[in-house]
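Welcome, and thanks for taking a look at this one.

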Amino acid sequence: MTTIEAERPVQCGPKPHLPSRIAELGYCLAFAVVAAFLAFMPLARTTFQLFFDRGARLNAVSFLGDGVPIPRALTWSQGAQNLVINLANMSSAGVLGLEIVLYLILAYCALRILNPSFRLTSGVDWDSSLLTRTYMHTPPLIKAFLIAIAAAIPAFLVWAAIALAFGDNLLSLWLRMALSGAAIWYLFSRDGVAGDYENGNYDLPRERSAARSLILRGAIAGTAATAFALLAPRIGGEGLFAFYQTLGGIGEERWRTIAAIACGIPALLAFSGGIIAVVLGAPGISASDRVRSGAAAFILFLVITLFSNVYLPHYLIDRYDFVPSLDRLSSNGVSVATSRLSKLSGVPTNTPGFETVLLLSPDRSVSLNIGKTSIVGLEASASAEKRIERFLELRGYQTALSDTAFKTLHDAAALRWDTPDTLRVIYTNLTRCPDPVYLRLFMSKLTVSPATPESRRFADLLADENRFAYLSRDSRMAMGDIYAHFGDGANAAKWYRSAEVPESRIAELMPERVMMSWGEVLGKITLNGRPAANCRVGLIPDRVIPEALSSALGPGLLRPFWFRWVGPMTTTGTQGGFHIKNVVAGHYRMLVMSPEIQLPPFSRKLRVDNAPGEMFVAYGKPVFDLGTIAIQADTPVYTAQR
């Protein structure tokens, strides 16, 4: 966009005002900044509604409360909150005033591009002794205003006439925009009616070639504006929020990416539009330079448009496995997300078969069924878990299928009663693609976990303030209670002090909250008169029994999710003996599961002799020796109906 000889013949008199490269670049940047800000204002309103309004549903703190630690990736800085809240809560008058200022900036830049002699004022006469004698010289502004007022009514009539004649279609829009561009170029350009804004003359172009050039360039500018209106990207803030929500929770870090896309693309398009305006409007540029620079501007506009409308949507779909309505059912009866994850990971869906779990009770032990699939319909085995984790690792844990994947991983670990693996799955979610729901799972799982080194390691990971934010005293108290659950008085006291609990109160809390953590439950299990080897034996809090039945998929058909409550567990030896250690003080019931036991729910032919009931493991009785638990389950193998 090099400024060379003017298109008009060289005239005597003052040297015409010609734009410099720096000025041209400044106008293009001004276009970009204004477009970015205009795009940011609706984004701020959407952000406020989703995160900071009373009914905000995506803010982790609103969802969880500030009484628990929050993953750092889901937190917001005070500065970002204030910016969003202040912009979103501006009055209608304030929004209108701000938008008027922004559009006036665009108008000023456009007038400066078309006619470098335009300015807001020619100068100011200052009189320090009397304010009323201080005034601005504003002939350029007055001249531009008068031209605009004179052209407004005819322009409105022509615009309305075209709309009436051709209707609301592409041809009508193009005609109106092209004629508007031609009129603006003809009226306000240096070679047009405005001429030099420093004088009061209103002259038509003296040469027909100059008039034709202005009209042609203005029509091309109007055509470009039509293309901008039609080809502008349709990915708005709400669509981006919906997409990124499939990758996990949204905090400020991810919001910045959304803002960069939502505001960056309009800014780039506006920048290319500024270049086109300079190429078509600035005086003193030869026709050949206009063609070359115009081609470059068109290519830039085309690249940005193709990127935003073609490449970016396909990239989001291909890289992040995203399709709209992932939760709708596919042809095989499972969700689209489940079908896609099954295809990409190689994990089958709707795996047939079931397992039987026995809930022991001295009155009547009951048999309950559990399927071999996760709640989303994928196989929930150890091998399936490995395949899904490989898929997540290849995607860097950033995929729209992460919700389906982690539900399957969690159910697979829970079905094996594997507390360390369940905690690992949840922690992976919280640190790689955090979903606030998993923070609650993490906290509740830690409160029923045995006091083993593996469980305590995850408590230490939760206590890492580089990964989790503790926003209130209550959240620090909650961390102290987790350590107290494991019998770790030293770390519990440390967190209570961090919560600003007085030393005298800490001394009172320690005996109340630091749990006995070395309980033991042992015994022997026989099945149909023989020692039951490789039989799983687990303890669950007595209080969660009602949840098993109230949340069942059907009569006696348990959800895999319920088995997250299984805490201390072990496997019987060859002689049927078992010994559960590191049991934290509490009220427990016993579950038993064996591949040799397959019964219908609530089978009347199940009989268990010497079945334990509720066990209160505590300082007074840290060891329960249950003796021999004799299970009679000699019914034919039962096939569960799913």
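Start at L462, whose contacts beyond four places in sequence are P69, L439, F442, M443, L446, F468, Y470, M479 and I482. This is a predicted model. L462 belongs to the largest nonpolar core, which has 159 residues, and it is among those with the most contacts inside that core, together with M590 and I631. Apart from this core lies another, of 22 residues, including I370, A414, V544 and M593.

| Core | Residues in core | Some members |
|---|---|---|
| Largest nonpolar core | 159 residues | L462, M590, I631 |
| Another core | 22 residues | I370, A414, V544, M593 |

Next, find S367 in strand β5, which covers residues 366–371. S367 counts as buried because its relative accessibility is 0%. Its side chain reaches the backbone nitrogen of S603 at 3.0 Å. Beyond four places in sequence, S367 touches T356, V357 and L358, and also L599, P600, P601, F602, S603 and L606.

Finally, follow helix α10, residues 287–320. Its 34 residues reach 47 Å from the first C-alpha to the last, close to the 50 Å expected at 1.5 Å a residue. Along the way, α10 bends by about 40 degrees at F307. Which residues of α10 are buried? They are D289, R290, S293, A297, F301, I304, T305, S308, L312, L316 and Y320. An α-helix has 3.6 residues a turn, so residues three or four places apart point the same way. The buried residues of α10 pack against α7 (208–231), α8 (237–245) and α9 (252–281). Just after α10, D321 takes a positive phi of about 55 degrees.

Key:
Residues numbered from 1 in each chain as written. Predicted model: local features only at pLDDT ≥ 70, side-chain atom pairs only at ≥ 80, totals over all residues. Heavy atoms only, no water. Helix = DSSP H or I, 4+ residues; strand = E, 2+ residues; numbered from the N terminus. Buried < 20%, exposed > 50% of the residue type's maximum accessible area, 1.4 Å probe, protein only. Polar contact = N/O pair within 3.5 Å; in protein donor to acceptor, adjacent residues only side chain to side chain. Contact = heavy atoms within 4.5 Å. Core = buried A, V, L, I, M, F, W, Y, C linked by side-chain atoms within 4.5 Å. Expected span 1.5 Å × (residues − 1). Bend = angle between axes of the 7 residues up to and from the residue.
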